[in-house]
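Welcome, and thank you for taking a look at this protein with us. Please have the structure open as you read, and follow the residues as they come up.

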Amino acid sequence: MKWLLLFSLGRGCLAFGRLTPGMSPSSDRGWDGSILRLQRNDQNLSLVQWLQCAHAPQDELHSLTNGRRKAWREPVIVDRCCFPANCRCFRAVYDGRVRMLEPVSSNREKIAHYTREIAEVLATEFGVRDLKSNSARSRTFTEADATRSRREQQGNVGALNYTELHADYYESASYIFTGVLFLGEEAADEIPLVGGELGFVDACMKIGDNMTVPTQGVVIEPLRGRLVLFTGGGENYHSPMPVVRGRRTTFHVWFRCSCESSMYDHYDAP
């Protein structure tokens, strides 16, 4: 069964379809001009897509974002001191690489444990070291959040909160690498989760006046223990997709370069 999940992205509507063509996740940017969907039953994933880092603004994608976000930032992300020597950007999806804690664990315990485990995967898989956690938190998205976002969007284009396309580095110069871990704490809920995917957009086309459809990208369905890692620049425009039913629980961590701790604030200046 094919279906479309529609949600507002500041200017018009972005639609992701359920498409599962055969393609190589390790190929260079684009995945053959299609949308790759990683489903819950695609377990034991270990996928890496190497990307060409953004060296110029992507006006087409940035035009869909909230106006408060930057369209570009200097220095280019590859010039930051902790960036891998191969100067290659990436997005990756791993199942089973993080030891999961019980849902009753304290928030402080979750932050310390998951930040440490995610940093270890970054170091092992990508040689990324000299990092400090700039921000980390657990988050829960619900159907009420998506409904409120849609209602606010009708009256104010800039009011959209989490269902929006963005690149993390343009949000903060301290967001060099990002980790999103699906906690799956909703697995025992009476109402099963529907929606709540994480979507990456590499290219899109406009259809009519009110809809923009991705032509290249990836949609990642939530699964307990599924880890998504990616570089924060304009090569990785992404958005959480709305929760249609139930709730989605995730852990988010953003890493900055510890080798420039005395100067990174300067990069956030307008």
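Predicted model: local features only at pLDDT ≥ 70, side-chain atom pairs only at ≥ 80, totals over all residues.

Residues are numbered from 1 along each chain as its sequence is written, and side-chain values use heavy atoms, with hydrogens and water left out.

How many disulfides does the structure hold? There are 3 disulfides, each being a pair of cysteine sulfur atoms within 2.5 Å. In general, a disulfide is a covalent bond between the sulfur atoms of two cysteines. The table lists the pairs with their computed values.

| Pair | S to S distance | S-S torsion |
|---|---|---|
| C53 and C89 | 2.0 Å | about 110 degrees |
| C81 and C259 | 1.9 Å | about 100 degrees |
| C82 and C257 | 2.0 Å | about -55 degrees |

Let us take the pairs one by one. The torsion about the S-S bond of C53 and C89 is about 110 degrees, so this disulfide is right-handed. It links distant parts of the chain, with C53 in the loop between β4 (46-51) and α1 and C89 in strand β5, 36 residues apart. Helices (H or I, at least four residues) and strands (E, at least two) are DSSP runs, numbered from the N terminus.

The disulfide of C81 and C259 is right-handed because its S-S torsion is about 100 degrees. This pair also links distant parts of the chain: C81 lies in the loop between α1 and β5, and C259 in the loop between β14 (247-257) and α5 (264-267), 178 residues apart. C81 counts as partly exposed because its relative accessibility is 39%, and C259 counts as partly exposed at 39% as well.

Is the disulfide of C82 and C257 right-handed or left-handed? With a torsion of about -55 degrees, the disulfide of C82 and C257 is left-handed. Here the chain is linked between the loop from α1 to β5, which holds C82, and strand β14, which holds C257, the two being 175 residues apart. C82 is buried, with a relative accessible area of 5%, and C257 is buried at 1%.

Counting bonded cysteines along the chain, the disulfides follow the pattern 1-4, 2-6, 3-5. C87 is in no disulfide, and the nearest cysteine sulfur, that of C53, is 7.3 Å away.

With a relative accessible area of 44%, C87 is partly exposed.

D130 also has a positive phi, of about 55 degrees, although it is not a glycine. Look for D130 in the loop between α2 (107-126) and β6 (131-142), where it counts as partly exposed at 48% relative accessibility.

Which residues are joined by a cis peptide bond? They are E74 and P75, with omega about 0 degrees. P75 is found in the loop between α1 (59-62) and β5 (89-95). For context, most residues other than glycine have a negative phi, and most peptide bonds are trans.

Methods:
Buried < 20%, exposed > 50% of the residue type's maximum accessible area, 1.4 Å probe, protein only.
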